[in-house]
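Good morning, everyone. Please look at the sequence and the structure on the screen, and keep both in view while I speak.

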Amino acid sequence: EGAGSWLDWLSKDSLVVDTTALVEPHLAASAPGAAFQFQRIGYFVVDLDSTPARPVFNRIVALKEGADRPVAPAKGGGKS
């Protein structure tokens, strides 16, 4: 298919840097490759460039929320 770099296929919005995000302090010392779920956002993995002074987390899976998302029925929701 045409000349060009694989970088041409990446979304222009694929890099988002949030320097105001807050996480639990103990996560700053996590080993590179450790994975965590950040509530209502997605799953993240600790970057190889992460340090305790400057933790870096890469999102690997986004969680969807919205009106089009099916809602699971409540458990034990029988009639009273």
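Let me begin with a definition: two rings of Phe, Tyr or Trp, taking the six-membered ring for Trp, count as a pair if their centres lie within 6.5 Å. Planes under 30 degrees apart make a pair stacked, planes over 60 make it edge-to-face, and the rest are tilted. Please also bear in mind that this is a predicted model.

By that rule, the count comes to 3 aromatic pairs. Consider F36 and F57: their ring centres are 6.4 Å apart and their planes stand at 80°, so this pair is edge-to-face. F36 belongs to strand 1 and F57 to strand 3, which covers residues 57-62, so the pair ties together parts that are 21 residues apart in sequence.

Are these two residues buried or exposed? F36, at 24% relative accessibility, counts as partly exposed. F57 has a value of 18% and counts as buried, because buried means under 20%.

F57 also pairs with F38. Here the ring centres are 5.3 Å apart and the planes are at 70°, so this pair is edge-to-face. F38 lies in strand 1 and F57 in strand 3, so the pair ties together parts that are 19 residues apart in sequence. F38 is buried, with a relative accessible area of 15%. Ring pairs link F36, F38, F44 and F57 into a cluster.

Let us turn to the strands themselves. Strand 1 and strand 2 run antiparallel and are joined by 4 bridges. Within this pairing, F36 stands opposite F44 in strand 2. The two strands form a hairpin with 3 residues between them, and R40 in the turn has a positive phi of about 65°.

Strand 2 also pairs with strand 3, again in the antiparallel sense, over 5 bridges. In that pairing, G42 has A62 of strand 3 as its bridge partner. How many residues of strand 2 are buried? The number is 4 of the 5, so strand 2 is largely enclosed by the rest of the structure.

Between strand 2, residues 42-46, and strand 3 there is a loop, and S50 is found in it. S50 is buried, with a relative accessible area of 14%. Leaving aside residues up to four places away in sequence, S50 touches P55 and V56.

For contrast, please find V17, which sits in the segment before strand 1, residues 35-38. V17 has a relative accessible area of 63% and is exposed, because exposed means over 50%. V17 and N58 are 41 residues apart in sequence, and their C-alpha atoms are 9.6 Å apart in space.

My last topic is the largest pocket, which has a volume of about 1000 Å³. It is lined by 24 residues, and those closest to its centre are V16, D18, A21, F44 and F57.

Strand 1 and strand 3 each supply at least two residues of the lining. By class, the lining has 13 nonpolar, 6 polar and 5 charged residues.

To close, I would ask you to return to F57: this residue of strand 3 pairs with F36 of strand 1, pairs with F38 of strand 1, and is among the residues closest to the centre of the largest pocket. Thank you for your attention.

Conventions: Residues numbered from 1 in each chain as written. Predicted model: local features only at pLDDT ≥ 70, side-chain atom pairs only at ≥ 80, totals over all residues. Heavy atoms only, no water. Buried < 20%, exposed > 50% of the residue type's maximum accessible area, 1.4 Å probe, protein only. Contact = heavy atoms within 4.5 Å. Pairing = 2+ DSSP bridges. 1 Å grid on protein atoms, 1.4 Å probe; cavity = no way out; pocket = protein on both sides within 12 Å on 5 of 7 lines; lining within 4 Å. Points joined across faces, edges and corners; volume = space filled by probe spheres on them. Nonpolar A, V, L, I, M, F, W, Y, C, P; charged D, E, K, R; others polar.
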